[in-house]
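Dear colleague,

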Amino acid sequence: AVGSMEAADGEKAGGGRNGHAEGPAAERAGGGRLKGCRGFLRRNALVLLTVSGVLAGVALGAAVRGAELGPAQVAYLAFPGELLLRMLRMVILPLVVCSLVSGAASLDTRSLGRLGGIAVAYFLGTTLLASGLAVALGFIVRPGAGASALNAPGLGLPGAVPTSKETVDSFLDLVRNLFPSNLVAAAFQTYATEYKMLLRNTTSGNVTWEKVPVGTEIEGMNILGLVLFALVLGVALKKLGPEGEDLIRFFNSFNEATMVLVSWIMWYVPIGIMFLVGSKIVEMEDIVLLVTSLGKYIFASILGHFIHGGIILPLIYFAATRQNPYRFLLGLITPFATAFATCSSSATLPSMIKCIEENNGVDKRISRFILPIGATVNMDGAAIFQCMATVFIAQLNNVDLNPGQIFTILVTATASSVGAAGVPAGGVLTIAIILEAIGLPTNDLSLILAVDWIVDRTTTVVNVEGDALGAGILNYLNEKANKEKEQELKEVNVEAVANSKSEGETSPLVTHKNNQVSNTSSPADPESKESVL
């Protein structure tokens, strides 16, 4: 009876809906659109807020610039942005170590070797492409031609430049930093070679000065050493088997807790970015003079970043995955805005890991294995910036680069970008290495430093874009390999089932036994359960 009453009510309700369809349908359509709009805003709230923060920062800087603030007032204006940088740097150490340990431990040794090999090939290949593009653009645009009249004092720049190192010492430092003598010290110190001048008396009475390399520890996280240690520790824990599972679970939990912290910090990013960008605009001395003097160099560098990041890297991603690269990049607007504002690949790492997993569905094992390595090793934007700066300084000094020097620039830029610090202005020191390698003076580096804050923003965006697309490619290849493995297992199972059936049909022993079992009426009969043989 209840069922018939419900059916009757349903019929009445159906009749009512058919009679008055237009009003409620329109309301539902309007409500659906409103709900869709709300859903879009909720999903992309962080992206919209971050982009708004960049624009608000430009407006704030332009508005406050006319007030002629002193250095103390500018420092106060930059304080909220400084807090953002400090929070992001705070989570880098636990994020890098825990994500690499858990990532290396979650992948089997064969997958780790295969994915690691593909990642190294991708990183080296894209960095070499970036270096070649920058050198080619440098010869086409000729940013240093006709700019020989430029000098640092004329632009109101400091004459001091970073102390340049010998090329051999730079590479030896890179290897030394891979194997830190103290893991705790590696969290805040890096090994670097400095030089001491010693006075030598020769037998003939002449006095000579000798430059002797001396090892020192400078401030800054030794991220290369920590990355290598975390990878090896993850593989070692995997080898331990059941004994290592507790420690792997600890690192996994630590990693997840760090990601929760990152998700909280991300909501502060728009405010921090606004004050970072605003204070940087207020700090600028005479931007018109700088842009007019070094405009061709700025244009050539940013053009190189645009071509590499907007065309070459997406093409590589499309060739590897046959998927739309721009849809993939659309989910990463927040990390790109963070990279643009902070000029630091390392500081962008937390937001990049969060967004690439949540928005683009990249496997956690892949993203947490490859992104920390990429933030340290893969520096496409830095390679473009360094090669362009080298060609610019060569043209500034009216030096025609020969093929041998060009080859040296490509190789040195690719190798030295591996060890470039993922911090603001980290690439300027590596330019000094390249200049020393090809025998050019380093006293023009202050010109590069003058516009580094402009070029460094697009440099960092291209750096993190290369890491993200690399993670996307590896994720696609890993999924493809897993599907093929599953397909092979299915085929093996099907063959095994088919063989057992055919054996059952043709084997007289099995048939005889089956007949015995089916013909017996009493299950307690012991003879019916005896083996035929």
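**Aromatic residues in the model**

At 1% relative accessibility, phenylalanine 392 counts as buried, a term that means under 20% relative accessible area, with exposed meaning over 50% and partly exposed in between (1.4 Å probe, protein chains only). This is a predicted model, in which local features need pLDDT of at least 70 and side-chain atom pairs count only at pLDDT 80 or more, while totals for chains, interfaces and linings use all residues. Residues are numbered from 1 along each chain as its sequence is written, and side-chain values use heavy atoms, leaving out hydrogens and water.

A search of the whole structure finds 5 aromatic pairs, where rings of Phe, Tyr and Trp (its six-membered ring) pair if their centres lie within 6.5 Å, and planes under 30 degrees apart count as stacked, over 60 as edge-to-face and the rest as tilted. Among them, tyrosine 297 and phenylalanine 392 form a tilted pair, 4.9 Å centre to centre with 35° between the planes. Tyrosine 297 also counts as buried, because its relative accessibility is 1%. Elsewhere, ring pairs link Phe250, Phe251 and Phe254 into a cluster.

Which residues does phenylalanine 188 touch, not counting those up to four places away in sequence? Phenylalanine 188 touches Ile218, Glu219, Gly220 and Met221, contact meaning heavy atoms within 4.5 Å. At 47% relative accessibility, phenylalanine 188 counts as partly exposed, and its C-alpha atom is separated by 9.7 Å from that of glutamate 217, 29 residues apart along the chain.
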